[in-house]
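Have the viewer open beside you as you read.

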Amino acid sequence: MEFWVQVHGIPVDYMCKETTIYIGNMLGVVAEVEDPKVDGVLRRPFLRIRVGINITKALPTGFWLAREKSLNLWVYFQYERLPDCYCYNCGIVGHEKKSCKNPTAMAVWDPTKPRYSTGLGVSQVRAITLWVLVAQNKVDGKIKMGKKQRVDNKA
Ligand SMILES: [Zn+2]
């Protein structure tokens with residue numbers, strides 16, 4: 001299933017489309033990438049990608065970003081328009097919490113707290129005008145960028 005995923009907590013210096021693609025590839029199959037910058041200026045405090053994710057497993061909530069000479073950072077995801085049949089107990093799409101038979105998933109950053117909460121789902125944000133389509137082929141380990149396409153306020 002494809003989702004627009006917001007990536008929060010990335011240091012400003014790393015906020016660019018290359019980072020967005022990198023994280024998108026960790027999550028699943030990248031469909032669209034939003035360039036957070038327009039004319040070199042950051043337009044949002046988070047990154048945004050459209051990714052096809054395997055929904056038979058619990059949705060990833062984030063990851064630890066290792067940094068040299070400073071503390072690791074927790075980078076977290078929010079999903080735009082999570083389906084109504086999303087389970088906040090175990091994290092899987094397809095049933096609601098009240099009918100869940102799985103154990104409660106606990107947070108990575110604090111094992112005493114539940115991993116999933118309604119904050120995981122957010123409403124869709126208005127698109128930044130400039131979009132970058134991704135070519136899926138990789139050359140010399142680098143991701144080759146696809147052509148840029150202008151989509152005027154799709155949302
Ligand atoms: Zn469940």
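What follows are my entries, from overall layout down to single residues.

**Entry 1: confidence.** I began by reminding myself that this is a predicted model. I looked up the mean pLDDT, which is 84, and found that 83% of the residues reach 70 or more. Then I went through the elements: β1 has the highest mean pLDDT, at 96, while strand β10 (residues 142-150) has the lowest, at 48. Over residues 134-155 the pLDDT is below 50. I noted that this stretch still has 33 contacts in the model beyond near neighbours in sequence.

**Entry 2: layout.** I counted elements next and got 1 helix and 10 strands. In sequence order they read β-α-β-β-β-β-β-β-β-β-β. The protein has 155 residues, and 19% of them count as buried. I also checked contact range: among contacts with a separation of 6 or more, 52% are between residues 24 or more positions apart.

**Entry 3: β1 and its partners.** Is β1 mostly covered or mostly open? I found it mostly covered, with 5 of its 7 residues buried. I then traced its pairings. β1 runs antiparallel to β5, joined by 6 bridges, and Q6 stands opposite R48 in β5. β1 also runs antiparallel to β7, this time through 5 bridges. There V5 has Y79 of β7 as its bridge partner.

**Entry 4: the core.** I looked for the largest nonpolar core and found 14 residues in it. The members that touch the most others are F3, V5, V7, L47, I49, V51 and Y79. Which strands supply at least two residues each? I have β1 (2-8), β2 (29-34), β5 (47-52) and β7 (73-80) on my list. Of the contributors, β1 gives the most, with 4 residues.

I stayed with Y79 for a moment. Leaving aside neighbours within four places in sequence, Y79 is in contact with F3, V5, L59, L120 and G121.

Entry 5: I asked which residues of α1 (residues 17-27) are buried, and wrote down K17, T20, I23 and G24. They span an arc of only 125 degrees around the axis, which puts them on the same side of α1.

**Entry 6: positive phi.** Most residues other than glycine have a negative phi, and I went looking for exceptions. K69 has a phi near 60 degrees, and K69 lies in the loop between β6 (62-65) and β7. Is K69 buried or exposed? K69 counts as exposed because there are 4 C-beta neighbours inside 10 Å, and the cut-off for exposed is 12 or fewer.

R81 is another case, with a positive phi of about 55 degrees. R81 sits in the loop between β7 and β8 (121-122). R81 is exposed too, with 11 other C-beta atoms within 10 Å.

**Entry 7: an annotated segment.** Last, I checked the record. UniProt, in an unreviewed entry, places the feature "domain: CCHC-type" at residues 87-102.

Definitions and conventions:
Residues numbered from 1 in each chain as written. Predicted model: local features only at pLDDT ≥ 70, side-chain atom pairs only at ≥ 80, totals over all residues. Core = buried A, V, L, I, M, F, W, Y, C linked by C-beta atoms within 7 Å. Buried ≥ 20, exposed ≤ 12 C-beta atoms within 10 Å, placed from the backbone. Contact = placed C-beta atoms within 7 Å. UniProt positions renumbered as here; feature names shortened; annotations may be inferred. pLDDT = per-residue confidence, 0-100. Arc of directions from axis to C-beta. Pairing = 2+ DSSP bridges.
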